[in-house]
Amino acid sequence: MLSRLIAPAVEVSAHCDLPCGVYDPAQARIEAQSVKAIIEKLDGNSDPDFRTRALLIKEQRSELVKHHLWVLWTDYFKPPHFEKYPQLHSLFNEATKLAGGGGGSKASTDVKVADELLAKIDEIAEIFWETKKA
């Protein structure tokens, strides 16, 4: 009993606070699609309140894209995946940069950036589903 009280705590982390093993690039893709739709709606609306709200939501969704990509990159994919698919690290790096600030979808209102982000997520998803078949 005493040993349990003084034993060091074990720290565990997962995307959902429970290592459930459920991963899917669709989560990142849905958020990226939302980012693209918001950008498209911004073009047709000059209301300053709408634009402010839309930009804030777009930034939040872009941050969620990065989060879901990082979960896949750091929790799902393992060294054997990176050996078999050596482009994975650069794909994730490019995708998270496309979701972030400094020219990414978080800072940009260019629909081309959103399309590039969706394309990178699709490349990652293709590899993800190949690994699930193995």
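Me: Which residues of α3 meet α6?
Reply: In this predicted model, Val 65, Leu 69, Leu 72 and Tyr 76 are the α3 residues involved, and on the α6 side they meet Leu 117, Ile 121, Ile 124, Phe 128, Thr 131 and Lys 132. Sorted by class, that contact has eight nonpolar residues, together with one polar and one charged.

Me: And how do those two helices run, parallel or antiparallel?
Reply: The axes of α3 and α6 come within 12 Å and cross at roughly 30°, and because angles under 35 degrees count as roughly parallel, α3 and α6 are roughly parallel to each other. As for handedness, α3 passes α6 in a left-handed crossing.

Me: What about α2 and α3, at what angle do they cross?
Reply: Helix α2, which covers residues 26-43, and helix α3, which covers residues 48-76, cross at roughly 160°, with their axes coming within 8 Å. That angle is over 145, the cut-off for roughly antiparallel, and therefore α2 and α3 are described as roughly antiparallel to each other. The crossing of α2 past α3 is left-handed.

Me: Which residues make that contact?
Reply: On α2 they include Ala 28, Val 35, Ile 38 and Leu 42, while on α3 they include Phe 50, Leu 55, Lys 58, Arg 61 and Ser 62. The residues of the contact of α2 with α3 divide into 13 nonpolar, four polar and six charged.

Me: Switching topic, where does Ser 105 sit?
Reply: Ser 105 lies in the loop between α5, residues 88-99, and α6, residues 111-133.

Me: Buried or exposed, then?
Reply: Ser 105 is buried, because its relative accessible area is 0%, and the cut-off for buried is under 20%.

Me: What does Ser 105 touch?
Reply: Leaving aside residues up to four places away in sequence, Ser 105 touches Val 35, Lys 58, Ser 62, Leu 98, Ala 99, Gly 100, Val 113 and Leu 117. With Ser 62 there is also a polar contact of 2.9 Å between the two side chains. Arg 61 is 44 residues from Ser 105 along the chain, and the C-alpha atoms of these two residues are separated by 9.2 Å.

Me: Stepping back, how many helices and strands does the protein have?
Reply: There are six helices and zero strands, so the pattern read along the sequence is α-α-α-α-α-α.

Me: And how much of the protein is buried?
Reply: Buried residues make up 35% of the 134 residues. Turning to contacts with a separation of 6 or more, 68% of them are between residues 24 or more positions apart.

Methods: Residues numbered from 1 in each chain as written. Predicted model: local features only at pLDDT ≥ 70, side-chain atom pairs only at ≥ 80, totals over all residues. Heavy atoms only, no water. Axes fitted to C-alpha atoms, helices over the stretch in contact; angles between N-to-C directions. Helix = DSSP H or I, 4+ residues; strand = E, 2+ residues; numbered from the N terminus. Parallel < 35°, antiparallel > 145°, perpendicular 65-115°, else oblique. Left-handed = near helix turned anticlockwise from the far one by under 90°. Contact = heavy atoms within 4.5 Å. Nonpolar A, V, L, I, M, F, W, Y, C, P; charged D, E, K, R; others polar. Buried < 20%, exposed > 50% of the residue type's maximum accessible area, 1.4 Å probe, protein only. Polar contact = N/O pair within 3.5 Å; in protein donor to acceptor, adjacent residues only side chain to side chain.
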